[in-house]
Amino acid sequence: MKLRALLCAVAAVASIGMMQTSSAYAGEAVVLADLTWDEPRAVNAILEEILVSKYGATISHIAAEQTAVFQAMAKGDGSVDIHPAVWSGAQQANIDRFVTEEGKVRLNLKPYDATDGFYVPKFFAEAHGLKSVQDLLNPEIAKLFDINGDGRGDYWPGAPGWGVTNIYRVKGVSYGLEKFYDPIVASDALLKSQLESVVAKKNGGLLFYYWKPEALHQTYELVQLEEPPFDGFAMDAKNGGADYKADGCYKYVDPKESADWLTQSSIKCSSPAQPIFIAYSAALEQRSPDIAKFLSKVAIEPADVSGWIKDISVDKKDPQAVAKDWISANQDRVNAWTAP
């Protein structure tokens, strides 16, 4: 009887242990925002691998416009938990509202810096002596950038739903480009397809906004056109900051603030390097504090992102395999992110 009782007790303990192990790996349901360019997709692959392997999370993805992502994170209902690549310069209004004012969205503590500008293929820049944005202000040069056959130049300021697209529309107007060029707002995939065709044929020009880090620079020879140097933000929201200047070269009015944003804004200089954050719902601090703490400590470098994008988007490697390999090779860094 004693032996039987002991065996029953051991079985009960084993059963409890199995249930605890199962519960530990049942995991929190975490929803990642699926955005429309390569950078957030690459970052998502790394985050997903760590969330699953370290925290046993159940991952899903949802595609949405960026303001909708912030709104969903602020609701805290799990409809969206993580935004993997917040370009602070383009998303300042959302940061001001949801992070600073409402406190319903958090940002990781150590962002990485990115730069952007106007680009043209190197062969075309050299053939026509193009070095700066001012070199574009020539109707004969503009015709060389005609994509749709209407006799006017065309340029790509970004994709639908990107905050930076509006910034490069402002630049187009402020520099006088839109006297000779029309903005074509289309997907990142369409831009890349057009660039591939232009470079392959070595015929015709392509003027477009782009950024670093991004694997496009490892695939094509591109030239960034010179712009006047940045000398300060002229927006009231920056008043009091180190980079505020009342008559500065960079004044951007967000469309959410004014229907007349395009004429009220003026940007006649290069964009300063801007921090790129990972954002997450503050509600995660209650639902899954370990995951929230991990997200706050993620510290990515620009070279990391370029490498991930090249592996996934250019070399067509499996994102999960890329993430596993990188994490294995950088275990000390990942351990620092996931330390209690």
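Me: How do α3 and α4 cross, and how is that described?

Reply: Two packed helices are described by the angle and the distance between their axes. In this predicted model, the axes of α3 (residues 66-75) and α4 (residues 92-101) come within 11 Å and cross at roughly 5°. That makes α3 roughly parallel to α4 (an angle under 35 degrees). Axes are lines fitted to C-alpha atoms over the stretch in contact, and angles run from 0 to 180 degrees between N-to-C directions. Helices are DSSP runs (H or I, at least four residues), numbered from the N terminus.

Me: Which residues make the contact?

Reply: Contact means heavy atoms within 4.5 Å. From α3 come Gln66, Thr67, Phe70, Gln71 and Ala74, and from α4 come Asn94, Arg97 and Phe98.

Me: Which residues touch the most others in the largest nonpolar core?

Reply: In soluble globular proteins, nonpolar side chains tend to be buried together. Such a core joins buried Ala, Val, Leu, Ile, Met, Phe, Trp, Tyr and Cys residues through side-chain atoms within 4.5 Å, where buried means under 20% relative accessible area (1.4 Å probe, protein chains only). Here the largest core has 103 residues, and Leu51 and Phe208 touch the most other members. Helix α2 (residues 38-55) gives the largest share, 8 residues. Leaving out residues up to four places away in sequence, the residues touched by Leu51 include Ile82, Ile291 and Phe294.

Me: How are residues numbered, and which atoms count?

Reply: Residues are numbered from 1 along each chain as its sequence is written. Side-chain values use heavy atoms, without hydrogens and water, and side-chain atom pairs count only at pLDDT 80 or more (pLDDT is the predictor's confidence in each residue, from 0 to 100).

Conventions:
This is a predicted model: local features need pLDDT of at least 70, side-chain atom pairs count only at pLDDT 80 or more; totals for chains, interfaces and linings use all residues. Helices (H or I, at least four residues) and strands (E, at least two) are DSSP runs, numbered from the N terminus. Angles under 35 degrees count as roughly parallel, over 145 as roughly antiparallel, 65 to 115 as roughly perpendicular and the rest as oblique. Buried means under 20% relative accessible area, exposed over 50%, partly exposed in between (1.4 Å probe, protein chains only).
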